[in-house]
Protein chains: 2
Amino acid sequence: MFEARIYVTLKESVLDPQGQAVLGSLHHMGHKNVQDVRIGKYIEVKLNSANEAEARQEIESYCNGLLVNQVIETYRFDLLQGAAK
Amino acid sequence: MFEARIYVTLKESVLDPQGQAVLGSLHHMGHKNVQDVRIGKYIEVKLNSANEAEARQEIESYCNGLLVNQVIETYRFDLLQGAAK
């Protein structure tokens, strides 16, 4: 069993209205040290793959096929052997 | 400058309908190896803090005050010195 931790974020060139809203709220709450906020998706996937190489290939096909909007998003992932607790 | 990478996830006991929907779609696309999918928020925050301890404290106050719904969500974060590229 493998566990992938996938981090999907907007490309740098894409405006992040959600992040800007949170930034404004934090400033409004008095947190003046905050410089920037960007919000994305964090996805944990458990999968049964024969080996690490196959698991990596599968995760990439999930991301490219369903989880990531390639036009505006980018992703990276960590792969852990065994389902981390 | 510090950069915090915050991972907000649903508590284990909370049903994740979004994750279940993605799991179903992946199976429908023929990806039979997938066992479980859980979806959360990934938040990158850049902040000017005097030192690491102060930065940690600030991030915790952002999470507890705004970014995390303590009833159903839990969080962890990594703290990087300098804004990572």
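These legends describe close-up views of a predicted model.

**View 1. Confidence of the predicted model.** The model scores ipTM 0.90. Its pTM is 0.91. In chain A, pLDDT averages 94. Of the residues in chain A, 96% score at least 70. Where pLDDT is low, predicted coordinates should not be read in detail.

**View 2. Helix α1 of chain A against helix α2 of chain B.** From α1(A), the contact takes Val22(A), Ser25(A) and Leu26(A). From α2(B) come Tyr62(B), Leu66(B) and Leu67(B). Five residues of this contact are nonpolar and one is polar. No charged residue takes part in the contact of α1(A) with α2(B).

**View 3. Helix α2 of chain A against helix α1 of chain B.** Tyr62(A), Leu66(A) and Leu67(A) make the contact on the α2(A) side. Val22(B), Ser25(B) and Leu26(B) make it on the α1(B) side. By class, the contact of α2(A) with α1(B) has five nonpolar residues, one polar and no charged.

View 4. Rolling a probe the size of a water molecule over the atoms shows where empty space is left. The count comes to one cavity of 30 Å³ or more. The largest cavity holds about 40 Å³ of space. Chain A contributes Glu44(A) to its lining. From chain B come Thr9(B), Leu10(B), Asp16(B), Arg38(B), Ile39(B) and Gly40(B). Two elements of chain B, β1 (2–10) and β2 (34–47), each give two or more residues to this lining. The largest share, three residues, comes from β2(B).

**View 5. Residue classes around the largest cavity.** The lining includes three charged residues. Two lining residues are nonpolar, and two are polar. Glu44(A), Asp16(B) and Arg38(B) are among the lining residues.

How values were computed: Residues numbered from 1 in each chain as written. Chains lettered and ligands numbered in written order. Predicted model: local features only at pLDDT ≥ 70, side-chain atom pairs only at ≥ 80, totals over all residues. Heavy atoms only, no water. 1 Å grid on protein atoms, 1.4 Å probe; cavity = no way out; pocket = protein on both sides within 12 Å on 5 of 7 lines; lining within 4 Å. Points joined across faces, edges and corners; volume = space filled by probe spheres on them. Helix = DSSP H or I, 4+ residues; strand = E, 2+ residues; numbered from the N terminus. Nonpolar A, V, L, I, M, F, W, Y, C, P; charged D, E, K, R; others polar. Contact = heavy atoms within 4.5 Å. pLDDT = per-residue confidence, 0-100.
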